[in-house]
Number of protein chains: 2
Amino acid sequence: MKRMVFALIAVAAVAGVVAYTSPAYGEENEAAPAFVDKIPPGYRDWKLISVAHEEGNLHSFAAVLGNDVAITAYREGTRPFPDGATIAALHYSHAPSDENNKAFGRAQSFVPGTPTNIQFMVKDSKKYAATGGWGFAHFKEGKPGDEALLKTCFPCHNQAKASDLVFTRYAP
Amino acid sequence: MKRMVFALIAVAAVAGVVAYTSPAYGEENEAAPAFVDKIPPGYRDWKLISVAHEEGNLHSFAAVLGNDVAITAYREGTRPFPDGATIAALHYSHAPSDENNKAFGRAQSFVPGTPTNIQFMVKDSKKYAATGGWGFAHFKEGKPGDEALLKTCFPCHNQAKASDLVFTRYAP
């Protein structure tokens with residue numbers, strides 16, 4: 001028991017140091033741009049919201065994931081999404097699969113090819129009040145998109161006002 | 001403390017009753033067919049493996065999810081997959097999105113339409129030894145597919161021997 005208590009104190013101490021030296025995600029100061037500039041940690045473990053496929057110039061595949069706040073809001077139909085809700089769109093090229101096509105005996109199968117970018121929407125009704133309460137992000141190879149690109153997110157998403165600026169529906 | 005201990009004993013007692021009255025998933029008797037006949041609980045909360053899109057006669061979208069055993073095996077490259085690994089393919093029709101197309105200003109966007117079926121692969125090297133260690137399942141509106149359909153799973157997946165009969169790759 002003594003050992004366990006000591007271990008817990010040690011963990012708490014380390015956690016304290018980490019908390020002190022690196023501000024938690026979402027705690028940027030007021031001078032920061034109204035865009036999301038850090039990749040939300042752990043997003044690849046989030047639950048599935050839906051999938052998507054864009055043709056036109058994009059030829060892209062998306063897996064759309066949500067953190068627990070977002071998933072609960074989707075499942076319970078809560079709109080607007082509560083603060084803290086975060087949605088991740090993992091984009092890949094829409095690539096034919098030679099292996100699958102061989103198994104099927106014809107060309108019909110598409111799978112994610114090269115990862116192209118990851119986009120996030122983070123709900124914080126105060127911080128991102130100017131863009132409908134959502135902060136937008138675009139990361140390519142871990143680097144954030146430039147401001148000109150990020151400025152295009154809100155006007156487009158603002159067309160989906162009825163669903164709190166979110167296009168993606170929950171896939172059952 | 002006394003209360004807490006009592007509560008824990010009560011929980012353990014209830015768990016004991018549940019364990020006694022309902023056999024755990026995967027514990028069917030030997031007379032059961034070598035297919036999976038129960039929907040693995042909680043699959044909709046599993047982590048993302050990848051997405052897929054089939055054309056031809058299917059016009060289908062898939063979200064492929066894995067339980068923790070499967071996800072760990074994918075991330076660590078463990079092949080063959082260990083017993084208990086379970087992979088779920090949630091299929092939907094590949095439907096155009098009028099709302100997204102309006103936002104993009106052209107017809108380019110596809111989203112999951114009607115759910116069509118959910119397929120599972122469950123690894124149990126003893127129980128499913130005759131089909132490469134994998135039990136296959138197909139559920140449509142909650143009902144299992146018939147034996148004729150299920151018999152087609154293994155010969156097709158057996159073409160992917162190099163990846164332990166699994167076609168889907170992990171999307172980063």
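This is a predicted model: local features need pLDDT of at least 70, side-chain atom pairs count only at pLDDT 80 or more; totals for chains, interfaces and linings use all residues.

**Entry 1: chain A overall.** Of the 172 residues of chain A, 34% count as buried. I then listed the secondary structure and got 5 helices and 6 strands for chain A. Read from the N terminus, their order in chain A is α-β-β-α-β-α-β-β-β-α-α. I also checked how far contacts reach along the sequence: among those in chain A between residues at least 6 apart, 47% join residues at least 24 apart.

**Entry 2: how the copies are related.** Next I superposed chain B on chain A. A rotation of 180° does it, with 0.0 Å of shift along the axis and an RMSD of 0.0 Å. I noted this as the relation of a two-fold axis. Which C-alpha of chain B is nearest the axis? I found that of Lys47(B), 2.9 Å from the axis.

**Entry 3: the interface.** I counted 32 residues of chain B in contact with 32 residues of chain A. On the chain B side, strand 1 (47–54), strand 2 (60–66), helix 3 (98–104) and strand 4 (109–123) each supply at least two residues. Strand 1 of chain B gives the largest share, 7 residues. By type, I sorted the chain B side into 18 nonpolar, 7 polar and 7 charged residues. I also compared the two sides: 100% of the interface residues of chain B are also interface residues in chain A, so the copies meet through the same surface.

Strand 1 of chain A (residues 47–54) pairs with strand 4 of chain B in the antiparallel sense, over 2 bridges. There, Glu54(A) has Ser109(B) in strand 4 of chain B as its bridge partner.

**Entry 4: strand 3 of chain B and its neighbours.** I turned to strand 3 of chain B and found it mostly covered, with 8 of its 11 residues buried. Strand 2 of chain B runs antiparallel to strand 3 of chain B, and 7 bridges join them. Leu65(B) stands opposite Ala88(B) of strand 3 of chain B. Strand 3 and strand 4 of chain B are also antiparallel, joined by 10 bridges. For Ala89(B), I noted Gln119(B) in strand 4 of chain B as the bridge partner.

**Entry 5: helix 2 of chain B.** Which residues of helix 2 (residues 68–76) of chain B are buried? I got Ala70(B), Ile71(B), Ala73(B) and Tyr74(B). They cover an arc of only 165° around the axis, which puts them on the same side of helix 2 of chain B. Asp68(B) and Glu76(B) are exposed on the other side of this helix. I looked at what covers the buried residues, and the list includes strand 1, strand 2 and strand 3 (86–96) of chain B. Just after the helix, Gly77(B) takes a positive phi of about 70°.

**Entry 6: the core.** Last, I looked at the largest nonpolar core, which has 78 residues. Which members touch the most others? I found Ile87(A) and Ile87(B). Leaving out residues up to four places away in sequence, I listed what Ile87(B) touches: Ile49(B), Val64(B), Gly66(B), Ala70(B), Phe120(B), Met121(B), Val166(B) and Thr168(B).

Terms used. Residues are numbered from 1 along each chain as its sequence is written. Chains are lettered from A and ligands numbered from 1 in the order in which they are written. Two residues are in contact if their C-beta atoms, placed from the backbone, lie within 7 Å. Helices (H or I, at least four residues) and strands (E, at least two) are DSSP runs, numbered from the N terminus. Ala, Val, Leu, Ile, Met, Phe, Trp, Tyr, Cys and Pro count as nonpolar, Asp, Glu, Lys and Arg as charged, and the others, Gly among them, as polar. Two strands pair if DSSP finds at least two bridges between them. A residue is buried if 20 or more other C-beta atoms lie within 10 Å of its own, exposed if 12 or fewer, and partly exposed in between; C-beta atoms are placed from the backbone. The arc is that of the directions from the helix axis to the C-beta atoms. Copies are superposed by least squares on the C-alpha atoms of residues with pLDDT of at least 70 in both. A nonpolar core is a set of buried Ala, Val, Leu, Ile, Met, Phe, Trp, Tyr and Cys residues joined through C-beta atoms within 7 Å.
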